[in-house]
Amino acid sequence: MDTQNTSVRPHAQPRTAGKNHPRRNARANTHPGGGIVHDNSRHTTRFTVVGNHLAQHPELSGLAIGLGVHIQSLPTGARADIKTLAARFPEGPTRIAAALRELEAHGYLRRTRERTESGRIITRTVSCNQPGRHGGATDDVPDDVTGPSARPPARRAAEQRKQPARRALPAVPKPAYASPDLLRTAIDVLAGLRREDPRLLLSATDAEHLAPGVAAWLERDLTPTAVRDALASDLPPEPLRRPAAFLAHRLVAQLPPLPPYRAPESPPSVRHPLRNCDSCDRAFRAPEPGRCRGCRSRTHLPAAV
């Protein structure tokens, strides 16, 4: 009975204990320290890949991390405004708004206000699964625009990467002769404006553009102090969004007139050189050689009686 019949096909071997059995594996891999043990199964449908940089973020609150994971799991076009999230979760609108601000501060959300073609103002929310990475997988979750009316993600990403073009500064007056020393003095005047008002802090490019205008003022018999006072006085109380453009306008609008014409002064009288008197050999000033005034006066005196 113990002899094996070689003509019989081999039977299927029994499954090894613990193989493909997650709970047995979990018990077998239990660490003696009592740490967490994962009882995982592979997802094939209805799952979202979330990075550990979000799930284990050291600075985000638990509510912010949960909302970040929830928003990343939403389909494109789903609502993610404060009212909708407050109706979905037990936390109130105040805590929901604070958590969204946390996600926005760390780059997981981007919220912008836009005007549609009909004139309606909407809030467009972009969910970033990897902050700082352009071209990665992002889910656009507009608050008010849903469904196929939302713009394609690739087009939205391209529009967000476009930086608005810097508007050119207004033209400034030009000096008649822009000497290097004059332009250097003009740059010093512009650099000193921030001491008069911190709002007049200029970049090197802006100062280079405004320097010829200041030089034109200096050509009109104004001192650097007078130019600085004229540009920095009577400033508007509201913030200056473009201080360089404001100064360029002031350089043109308040350009002082040319100084009055001054006739050239006559040259000073020529002092004649010293000469020796032909009679007494004294030195005196005269255009031509001859006798000094004393010798000439003695010559014309009347004779003594």
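Tutor: A helix here is a DSSP run of H or I with at least four residues, and a strand is a run of E with at least two. In this predicted model, the protein chain has 12 helices and five strands.

Student: How do you know that C280 is in no disulfide?

Tutor: A disulfide requires two cysteine sulfur atoms within 2.5 Å. By this rule the count comes to zero disulfides. For C280, the nearest cysteine sulfur is that of C295, 3.6 Å away.

Student: Why is C280 placed in its accessibility class?

Tutor: Its relative accessibility is 30%. Buried means under 20% and exposed means over 50%, so C280 counts as partly exposed.

Student: How much of the protein chain counts as buried?

Tutor: Of its 305 residues, 30% count as buried. The accessible surface of the chain comes to about 22400 Å², and carbon and sulfur atoms account for 52% of it.

Student: What makes a set of residues a nonpolar core?

Tutor: The members must be buried residues of the nonpolar kinds listed for the term, joined through side-chain atoms within 4.5 Å. The largest such core has 28 residues, of which L190, L210, V214 and L247 touch the most other members. Two or more residues come from each of helix 7 (180-191), helix 9 (204-218), helix 10 (224-232) and helix 11 (243-253). Helix 9 gives the largest share, seven residues.

Student: Which residues does V214 touch?

Tutor: Leaving aside residues up to four places away in sequence, V214 touches A186, V189, L190, V227, L231 and L251.

Student: How do you know that the charge of R88 sits over the ring of F89?

Tutor: The charged end of R88 is 4.6 Å from the centre of the ring of F89. The distance cut-off is 6 Å, and the charge must also be within 35 degrees of the ring normal. R88 is therefore described as sitting over the ring of F89.

Student: How many aromatic pairs are found in the whole structure?

Tutor: The search finds zero aromatic pairs.

Terms used. Residues are numbered from 1 along each chain as its sequence is written. This is a predicted model: local features need pLDDT of at least 70, side-chain atom pairs count only at pLDDT 80 or more; totals for chains, interfaces and linings use all residues. Side-chain values use heavy atoms; hydrogens and water are left out. Buried means under 20% relative accessible area, exposed over 50%, partly exposed in between (1.4 Å probe, protein chains only). Contact means heavy atoms within 4.5 Å. Rings of Phe, Tyr and Trp (its six-membered ring) pair if their centres lie within 6.5 Å; planes under 30 degrees apart count as stacked, over 60 as edge-to-face and the rest as tilted. Accessible areas come from the Shrake-Rupley method with a 1.4 Å probe; for residues, only the protein chains shown count as cover.
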